[in-house]
Amino acid sequence: MFQKEQLVLLKQFIGACKANPQLLHAPELAFFREWLLSLGANIPDEVKPSKPDREPSPEPEPEPEEKATPEPKPEEKVEEKSESEEEQESDLDLTELDGVITDDDDLNLEMGDESVEVTDEMLELSNSKRMEAMDLKGSGNLEEAVKAFTEAIKNNPISASLYAKRAQILIMMKRPNAAIKDCDKAISINKDSAAPYKWRGRAYRMLGDYLKAYHDFQTSNRLDYDDSVHDWLKEVTPNAKKIMDHNRKYERLHEERERKRKIKEAKKRKEEAQKEYERQKQQQSSGGGFPGGFPGGFPGGMPGGMGGMPGGMGGMPGGMGGMPGGMGGMPGGMGGMPGGMGGGMPGAAGGMPGGQGMPDFNALFSDPELMAAMQDPEVMAAFQDVSKNPENIKKYENNPKVKNVIEKLQSKFGGAGGAK
């Protein structure tokens, strides 16, 4: 009644339902489930599967950042950085001294005229004004003392001591810039006087220019020792030493910078020369021909073809009738031999037939004498001239150097006769 295969399938289906009763709740088995219920079967309630929480979409992995390849820093920048660091390290740390003046206005005082011839009366009046100025100085009337010294200077403008004494009064008035002018004038009159250096050094000290003050105090005491100058020198020496060390360091830095710059420039020139040498060497090895090429092509072009070998070759019985045709002329650019290649034998043969008679360039470029001649400025100038006007070849008939080169070129271009 039942086929064996059908029973096996039914047995397998029942086994599956036993293992997983939820299969009976499948929509396509609704008829089977209803039949079982009608028979009183106990079917487990359908367990609806809970919807799984939606898995959060994975965050996109951040793309790996491309590491920027650091650009190689030029040597100059590295050097500048190291130099700037050294310069920062060598910044001056001076001890600020008391009494430095920063707001001194320039004072233009009248100077004497050195071209004036000083008379005895002028000299006597100058001495009188000098004594008056000293009295005014002693009484503390400094402005009037300056005026009196100015009158003394006008009457004796070649006295270095008068300028130095007026400078002393200006120092007492805290007018260092005007004092420096008077001291410069005094030194120009007598460079061996100690007083102008003394008071100019004091003026520089008041302006905070410790190095100049140091040198002036040293010069003053070398010419004429003074205890006060010695004390002033001791005061400015520490700052002056720092400035000198600082300047020496800067000089070394600048010398080293200049040395490196020269080395770099020499290296660059050498590399450029080497590249140019390699380029020329490669050009020559690849058959590049004459450096730079013939100026303007071979001069004149081969107008109308080669002029032909005239009249057959003499001495042959009946003569050879000449070569037919003639070359139709080399295309413009390569030119040809100047003025065509003339003949001398009667008759006229045409040129070589088209396609023949081309020069042997290997022989041309391997001729050391010809290559050397083409480097001669005079020869090159002649080629330039003839290239512009082939008729100009006549100008060089009496120039053996140019003529020999042209004849050699003619021989390499087919052995025609010389230029006329």
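Q: Is Asn 392 buried, partly exposed or exposed?
A: Asn 392 is buried, since its relative accessible area is 17%. Buried means under 20% relative accessible area, exposed means over 50%, and partly exposed is in between, using a 1.4 Å probe and protein chains only.

Q: What kind of model is this, and how are residues numbered?
A: This is a predicted model, in which local features need pLDDT of at least 70 and side-chain atom pairs count only at pLDDT 80 or more, while totals for chains, interfaces and linings use all residues. Residues are numbered from 1 along each chain as its sequence is written, and side-chain values use heavy atoms, with hydrogens and water left out.

Q: Thanks! Where does Asn 392 lie?
A: Asn 392 is in the loop between helix H13 (377-388) and helix H14 (400-412). Helices (H or I, at least four residues) and strands (E, at least two) are DSSP runs, numbered from the N terminus.

Q: And what does Asn 392 touch?
A: Leaving out residues up to four places away in sequence, Asn 392 touches Asp 385 and Val 386. Contact here means heavy atoms within 4.5 Å.

Q: What about Val 402, is that one buried or exposed?
A: Val 402, which lies in helix H14, is buried, with a relative accessible area of 1%. Its contacts, not counting residues up to four places away in sequence, are Ala 382 and Tyr 396.

Q: Let's zoom out. How many helices and strands are in the chain?
A: The chain has 14 helices and zero strands. Of its 420 residues, 30% are buried.

Q: And among contacts between residues at least 6 apart in sequence, what share joins residues at least 24 apart?
A: That share is 68%.

Q: Okay, helix packing. How do the axes of H6 and H8 cross?
A: The axes of helix H6 (residues 160-172) and H8 come within 9 Å and cross at roughly 25 degrees. Axes are lines fitted to C-alpha atoms, for helices over the stretch in contact, and angles run from 0 to 180 degrees between N-to-C directions.

Q: Are H6 and H8 parallel or antiparallel, then?
A: H6 and H8 are roughly parallel to each other. Angles under 35 degrees count as roughly parallel, over 145 as roughly antiparallel, 65 to 115 as roughly perpendicular and the rest as oblique.

Q: Which residues in H6 and H8 meet?
A: Ala 164, Ala 167, Gln 168 and Ile 171 in H6 meet Ala 195, Pro 196, Trp 199, Arg 202, Ala 203 and Met 206 in H8. By class, this contact of H6 with H8 has eight nonpolar, one polar and one charged residues. Ala, Val, Leu, Ile, Met, Phe, Trp, Tyr, Cys and Pro count as nonpolar, Asp, Glu, Lys and Arg as charged, and the others, Gly among them, as polar.

Q: How do the axes of H7 and H8 cross?
A: Helix H7 (residues 176-189) and H8 have axes that come within 9 Å and cross at roughly 155 degrees, which makes H7 roughly antiparallel to H8. The contact is made by residues including Ile 180, Cys 183 and Ile 187 of H7 and Trp 199, Ala 203 and Leu 207 of H8. The residues of the contact of H7 with H8 divide into 13 nonpolar, one polar and two charged.

Q: Switching to charges: how many salt bridges are in the whole structure?
A: A search finds 20 salt bridges. Each one is a side-chain nitrogen of Lys or Arg within 4 Å of a carboxyl oxygen of Asp or Glu.

Q: Where are Lys 198 and Asp 226, which meet in one of them?
A: The side chains of Lys 198 and Asp 226 meet at 3.1 Å, N to O. This pair links distant parts of the chain: Lys 198 is in helix H8 (residues 194-207), and Asp 226, 28 residues apart, is in the loop between helix H9 (210-223) and helix H10 (227-285).

Q: Is Lys 198 buried or exposed?
A: Lys 198 counts as buried at 15% relative accessibility, whereas Asp 226 is partly exposed at 24%.

Q: And where do Glu 151 and Lys 154 lie?
A: Both are in helix H5 (residues 142-155), three residues apart, about one turn of the helix.
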